[in-house]
Amino acid sequence: MVSFEFLLCFAVCLTLVSNENLSSSSSNVIPLYGKPEEGYCMDLYLGTPEQKITVVVDTGSSNFAVSGSSSLTSNQYFDTSSSTTYTALNNKTVTLQYVDSGWSGNVAIDVLKLCTNCSTAAGKVNFTVIKTADNFFIDQSLWQGILGLAFQKIMQSPAGYPMTQVLDDLTGTQQFVMTLCGRQDLNPNTGLVGSMEFVTDYSGYTMVPLVMPMYYQVELTEIGVDGETLDVDCYDLNDPRAFLDSGTTNIVLTQKPYVAAHKAITSFAEDYLKEWPTESLTESDISNFLARSEFLCVPRVFDVWSYFPTLSLSLAINSTHDFTINVPSAQYVRQTVKSIAAQSDMEYCYNFGIEYRDIPTGIILGDVFLEGLDVIHDRENEKAGFKLATSCSVTYPPFEKKISSPKERSEATKDKDCSVGKKTSRWVVAGIAAGVVLTLIALCLIYWVISSKMDGTLGGTTGSGGDEVRDESPIIETTAA
């Protein structure tokens, strides 16, 4: 893989709020950078003396973990033996499994800094030193760990100094804005640029409630292609959840939404196939590209994005209103770094950034959806907010992201709670209530049977010879929803 050199586009030194573990500094913006297809990263400094560790920022998980061995990340790792402030928590281990990768390691405590040579900007933090990993680290990547920024409820490390709490204490807020800008120019190896900023102001954002305070889980109401709403029940857009995840590159859809979107995008592309300025492309090439089984390679002068439609996703604001975010084709038809060997001097190759996974995770709104937006993540008030990014001055390809104003929800979704998580919770509550009612009925029946036997009035034949007493009432069966 061609080595990556990035230009840090703005200097930073994080604002810290004084408390018993932490001290202060002067800005609250953290730069993000990375390689295409490998995620957005930030630099942290662990231990005494400090060791620079680069971590992927991941809003889809909550653990903070770093490589502890050169066998895992040969370019860099956290050397526990070199830190005088490192403390291992004996017999405390964490094993975490993602969709297609995982890791395991030992829990520890050490001193964390968010900028180098900031002698006062430090605090204790819990983290995991990764000892074994399965398909987690990428050879020659920029990063050596992961920083999970979702809710503490899904964190698997023990209490003490959890990273999310440390960040809250450092910044004085549980709200941060993440801006992912994407690639900066035509070079397929040029790095990603973005930022993370801790804020308290919602001005200009369209805010939506989070469904469950675990992930940044939103409620989707509609999915569309080329301005047309697809025939997908909103329950299927939230089964079992839909959530924001900066640690995933693509938009991942569940079966029914994926089939509908794939069919509409395929139809659009094939309708325009006769206008493609290359005779070598066939319907099979388009089909294989959209199935993610082959790259789509076309002449460099060819504007591939004009032959694919816009994808749209609508998010619920409340029971009567939603708003729509358009994802232009320039975001999901992605020039791929991994195809460099397949590219000639005259071609660029592309990957399809919308995929289907047969997993119980749900719909994942990854970088393809998030790029070009300022997204506020508010754990305190359990909300997320969206507006067009203003700091992404240069991106490639240049895309026109659009956010609609709040609008009335369609008749199909108006006043309908599309969230499967909420629906499931209601069924659980209803099931418990039904169980209580059935228990009371059973107790009443038992009391009635006993009383009737004593009075000799229960249905059947009674007499002096100890005649049979039969209860012919039906058996009541309940089925969990």
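A residue is called buried when its relative accessible area is under 20%, exposed when over 50%, and partly exposed in between (1.4 Å probe, protein chains only). This is a predicted model, where local features need pLDDT of at least 70, side-chain atom pairs count only at pLDDT 80 or more, and totals for chains, interfaces and linings use all residues. Residues are numbered from 1 along each chain as its sequence is written, and side-chain values use heavy atoms, with hydrogens and water left out.

**Exercise 1.** Check the span of helix 2 (residues 255-271), then list its buried residues.

*Solution.* Helices are DSSP runs of H or I with at least four residues, strands are E runs of at least two, and both are numbered from the N terminus. The expected span is 1.5 Å times one less than the number of residues. Buried here are Pro 257, Tyr 258, Ala 260, Ala 261, Ile 265, Thr 266, Phe 268 and Ala 269.

**Exercise 2.** Work out how helix 2 and helix 3 (residues 283-290) pack.

*Solution.* Start with the angle, about 150°, and the distance between the axes, 11 Å. Angles over 145 degrees count as roughly antiparallel, under 35 as roughly parallel, 65 to 115 as roughly perpendicular and the rest as oblique, so helix 2 and helix 3 are roughly antiparallel.

**Exercise 3.** Is Gln 335 buried or exposed?

*Solution.* Find Gln 335 in strand 20 (residues 333-335). Its relative accessible area is 3%, so Gln 335 is buried.

Terms used:
Axes fitted to C-alpha atoms, helices over the stretch in contact; angles between N-to-C directions.
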